[in-house]
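Hi,

Here is the structure I promised to pass on.

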Amino acid sequence: MKLEINGRPVLASPGDTIYSAAKKAGIAIPGLCSSDDLAPFGSCRLCLCEVEGQSGLPASCTTPVREGMVVHTESERLNRLRRNIVELYLSEQPAGDRAPESLQWLAKSLGLRQVRYPQPSHRQDVVDRSNPFFTFDNAACISCARCVRACDEIQGTHALTMLHRGFASRPVAGAASLTGEEAAGFASSNCVSCGACVKECPTGALMEKTVAEQGPPERTVRTTCAYCGVGCAFDAG
Ligand code: FES
């Protein structure tokens with residue numbers, strides 16, 4: 001299948017989205033909720049694009065490619081909207097360099113210099129340390145649901161779910177989420193500590209305790225987890 005992205009001819013396969021086709025062609029599109037290992041979801045809205053002859057600004061990670069499509073992923077209009085999205089994310093984060101590095105990097109690369117919105121009063125600074133291997137810092141979460149999808153699609157454990165809507169939405173672990181007992185946490189859930197959710201988290205809201213204490217590893221290797229025999233592959237530090 002042939003299409004054009006940012007003036008470049010691109011070959012794509014049936015089943016590709018604009019995002020995946022662009023990535024294969026070496027064209028980077030900003031995005032936080034997309035993952036090679038998960039089904040398209042389209043929650044962060046950073047990957048929006050312009051498709052000639054089509055109204056609106058579709059998310060490139062959920063839009064299938066079509067023969068002859070002409071796509072633009074970079075323009076002042078798109079970057080202005082992306083700046084606004086990142087600004088809204090940052091308005092819920094601790095100020096300055098305490099914000100997640102991925103958001104700081106996006107802000108810098110998009111030219112976002114200041115956050116105009118006051119930090120909302122609904123923000124909850126709750127850190128779940130109940131799992132022996134990783135922590136979940138609710139304040140750093142952007143509700144992209146990659147952790148929930150990883151638990152469902154990769155591990156099949158279904159230990160996580162998104163709770164509430166809008167500003168209050170956030171992932172929670174365990175059956176307690178179904179009864180509204182939100183404080184129960186990972187330790188009381190079905191979580192098997194496989195780490196799939198930690199690997200997928202784009203902001204570090206889910207973080208290995210060793211990384212939190214000692215910093216990121218100097219190198220990572222792609223390996224197959226021997227823990228449960230499912231055969232998932234992970235990047236291990
Ligand atoms: Fe497409 Fe998040 S990467 S909406």
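**What I found**

Start with the hairpin of β1 and β2: 2 residues sit between the strands, and N6 there takes a positive phi near 55°. Strands here are DSSP E runs of at least two residues, helices are H or I runs of at least four, and both are numbered from the N terminus. β1 (residues 2–5) and β2 (residues 8–11) run antiparallel and are joined by 4 bridges (two strands pair if DSSP finds at least two bridges between them).

A word on the source: this is a predicted model, where local features need pLDDT of at least 70, side-chain atom pairs count only at pLDDT 80 or more, and totals for chains, interfaces and linings use all residues. Residues are numbered from 1 along each chain as its sequence is written.

Next, helix α3 (residues 101–110): L103, L106, A107 and L110 are buried (20 or more other C-beta atoms within 10 Å of a residue's own; exposed is 12 or fewer, partly exposed in between, with C-beta atoms placed from the backbone). They lie on the same side of α3 because they cover an arc of only 100° around the axis, taken from the directions from the helix axis to the C-beta atoms. E101, W105 and K108, on the other side, are exposed. The buried residues pack against α2 (76–91). After α3 comes G111, with a positive phi near 80°.

Cheers

Notes:
Contact = placed C-beta atoms within 7 Å.
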